[in-house]
Amino acid sequence: MKLVRFLLGLLVPPLGVFLTVGVGPTLFINILLTVLGWLPGSIHAIWVIAKRDEQLNREGNIY
């Protein structure tokens, strides 16, 4: 599932963010960045997905 989220974050940034964090301010920021340009939206999406995975790994003590 992680690979799918990263690919969607790269190809369709808001969808990748939605699957990672759901509806919230992060999703709306990503939509705005994607409207301004695909590249800023993709960079933000990859960053959000990576940080969320890192946070979940830290909470679960998985290294």
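Which residue's side chain meets that of R5 in a salt bridge? In this predicted model, the partner of R5 is D53, with a distance of 3.1 Å from N to O.

## A second salt bridge within helix α4

The count of salt bridges comes to 2. Besides the pair described above, E54 forms a salt bridge with R58, and their closest N and O atoms are 2.9 Å apart. E54 and R58 are 4 residues apart in helix α4, so about one helical turn separates them.

E54 is partly exposed, with a relative accessible area of 39%. R58 is likewise partly exposed, at 49%.

## Overall architecture

The protein chain contains 4 helices and 0 strands, arranged along the sequence as α-α-α-α. Its radius of gyration is 11 Å, close to the 11 Å given by the globule rule for 63 residues, so the chain is as compact as a globular protein of that length. Along the principal axes, the C-alpha atoms fill a box of roughly 35 × 20 × 15 Å.

## Burial, contacts and surface

Of the 63 residues, 29% are buried. Among contacts with a separation of 6 or more, 50% involve residues 24 or more positions apart. The accessible surface comes to about 4300 Å², and carbon and sulfur atoms account for 74% of it.

Methods. Residues numbered from 1 in each chain as written. Predicted model: local features only at pLDDT ≥ 70, side-chain atom pairs only at ≥ 80, totals over all residues. Heavy atoms only, no water. Helix = DSSP H or I, 4+ residues; strand = E, 2+ residues; numbered from the N terminus. Rg over C-alpha atoms; globule rule 2.2 N^0.38 Å. Buried < 20%, exposed > 50% of the residue type's maximum accessible area, 1.4 Å probe, protein only. Contact = heavy atoms within 4.5 Å. Areas by Shrake-Rupley, 256 points an atom, 1.4 Å probe, with all protein chains shown as cover. Salt bridge = Lys/Arg side-chain N within 4 Å of Asp/Glu carboxyl O.
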